[in-house]
Amino acid sequence: MSKVTVVDYGSGNLLSVCRALRHCGAEVSVVESGAGLASADRLVVPGVGAMADSMRNLEARGLVEPLRAFARSDRPLLGICVGMQVMFDAGEEFGVHPGLGLLGGRVRMIPGSRGDGTRRKIPHIGWNALIPAARVNGWEGTILAGLPEEPAAYFLHSFAVDPDDDGARLAECEHEGVRVCAAVKSGLVYGCQFHPEKSGEVGLTILKNFLAL
Amino acid sequence: MALEAHRLAGQLTLANLRLIPRLDIKGPDLIKSVQLEGVRKVGDPRTFARRYYADGADEIIYMDAVASLYSRDTLTELVRRTAEEVFVPITVGGGLRTADDVRAMLRAGADKVAINSAATQRPELIREVAERFGAQCMVLQIDAKQAQPQRWEALRDGGRERTGLDVVEWAKRAEGLGAGEILLTSVDREGTRRGFDIDLIRAVTKAVSIPVIASGGMGSMDHLLAAAIEGTADAIAMAHVLHYGVLGLPEIRRQARVHGLKVRPI
């Protein structure tokens, strides 16, 4: 059975993520401090809400340096929603705030205005098909392997990541005419903007793939 | 090329319409209310939620019809157990009055909370919830009763009390306070199966740029199409047609697609 460690830093979707991982057959342990990270096989950082808040909570629990060390250690890491956003250099929600800097790039608000001047719905809430990013040569061997055609995942966010390196973009989605980065990959460091724990069978397949890395 | 671009633009402009079973709960039972007054027991909510998940529901709404402090533990336990087997978003509403109530429900497994009465009495609650937990989980529930042509009043406490709030003005104000979504129920149509109040839905969707879930009155596929196309609703909540097996979710999804609506491919 795959072992996975989930980081508890007060995120609202912690239990949903744990439940989904258990449903996928994983042995799940939850850690609230950096001490538990050293021995983890693989790590999931859940997240909902605002990035600055999340960074503050990670700092308060002494998780910032242990997370950076984990990311350098060549073990699988998955950030979900804001759990992915915090992995980037900085976020622009309620002012500019630094992130963990595991990945180069910024977290920005989805543009509220469409090309024709009409308003885009923000937050982006709902199911969108995952589209392979331009620089990606298929999803084989990644956490997005083996999905059905037009795999739809559940998104719930107002901010999106903008990686410096286009090669880090794994998947995108379209939200009312704008391309949103849906998943990133750099080595064994993964991030999903969508919620795999709330994306039905597609999401469960993604989590199983992560557990098999 | 131009045609292709046009086709693509048309496809990308609208988000997928969400199909959402709404389960009204009283104690341990799934109930169906008629214009928020008479109630009938339908069955065990978890059994229905599981089936709707298997049938491809995009989300689930649990609404506690009694919403007393006493029933809160029952609801929390229901949410907790549902979240162990239903892996789509769950919105929970009914009697949530404080940010701590919200926190408890999120910790139990809810992804979003729907708040009505407490927000009408203290609108700042919307801001508090949005700032603490994110706008995306703060759903403003509006129970709308028509007062005049093109004018609706928000009701609270399960439709028993008036608030004096104009629905469209209230929706705009709530958006400004940080509500991430609106669950818009027509009290006049709820439980009637006569179709959604399209004017109401359109009035609210035009006034705000956050998503609006249309609720109350679905009795047929035509009703859904009208709410989505004429009402420009972002999501459709449905109860009776599903609970009593008049329509099934796979059939609704298929027909929506046949009629040119974008829905999640399953």
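Biologist: Why is L103(A) called buried?

Modeller: A residue is buried if 20 or more other C-beta atoms, placed from the backbone, lie within 10 Å of its own, exposed if 12 or fewer, and partly exposed in between. L103(A) has 22 other C-beta atoms within 10 Å, so it is buried. Please keep in mind that this is a predicted model: local features need pLDDT of at least 70, side-chain atom pairs count only at pLDDT 80 or more, and totals for chains, interfaces and linings use all residues. As for the labels, residues are numbered from 1 along each chain as its sequence is written, while chains are lettered from A and ligands numbered from 1 in the order in which they are written.

Biologist: Which residues is L103(A) in contact with, leaving aside its neighbours within four places in sequence?

Modeller: Two residues are in contact if their C-beta atoms, placed from the backbone, lie within 7 Å. By that test L103(A) meets M87(A), F88(A), P163(A), A168(A), V184(A), S186(A) and V189(A), with neighbours within four places in sequence left aside. For A168(A), which lies 65 residues away along the chain, the C-alpha separation is 8.4 Å. L103(A) itself sits in strand β7 (residues 103–109) of chain A; helices (H or I, at least four residues) and strands (E, at least two) are DSSP runs, numbered from the N terminus.

Biologist: What makes L67(A) count as buried?

Modeller: L67(A) has 22 C-beta neighbours inside 10 Å, which is why it counts as buried. It belongs to helix α3 (residues 64–72) of chain A. Its contacts, apart from neighbours within four places in sequence, are L37(A), L58(A) and L100(A).

Biologist: How do you know that the peptide bond from I122(A) to P123(A) is cis?

Modeller: Its omega is near 5°. P123(A) is in the loop between β7 and β8 of chain A.

Biologist: How many residues of chain A are in contact with chain B?

Modeller: On the chain A side there are 33, facing 29 residues of chain B. Elements giving two or more residues to that side are α1 (14–23), β8 (124–129), β10 (152–157), β12 (169–175) and α5 (200–211) of chain A, and β8(A) gives the most, with five. Sorted by type, the chain A side holds 13 nonpolar, twelve polar and eight charged residues. Here Ala, Val, Leu, Ile, Met, Phe, Trp, Tyr, Cys and Pro count as nonpolar, Asp, Glu, Lys and Arg as charged, and the others, Gly among them, as polar.

Biologist: Now for chain B. Why are the buried residues of α6(B) said to be on the same side?

Modeller: The residues in question are L125(B), I126(B), V129(B), A130(B) and F133(B), in helix α6 (residues 124–133) of chain B. They cover an arc of only 130° around the axis, so they are on the same side of α6(B). The arc is that of the directions from the helix axis to the C-beta atoms. What covers them includes α4 (99–108), β6 (112–115), α5 (117–121), β7 and α7 of chain B. Just after the helix, G134(B) takes a positive phi of about 100°.

Biologist: What puts the buried residues of α11(B) on the same side?

Modeller: In helix α11 (residues 249–258) of chain B, the buried ones are L249(B), I252(B), R253(B) and A256(B). Their arc around the axis is only 100°, which puts them on the same side of α11(B). They pack against β1 (18–26), α2 (45–54), α9 (221–229) and α10 (240–243) of chain B. The face turned away from the buried side carries the exposed P250(B), E251(B) and V258(B). Just after α11(B), G260(B) has a positive phi of about 90°.

Biologist: Is Q150(B) buried or exposed?

Modeller: Q150(B) has 11 other C-beta atoms within 10 Å, so it is exposed. It lies in the loop between β7 (138–148) and β8 (151–156) of chain B.
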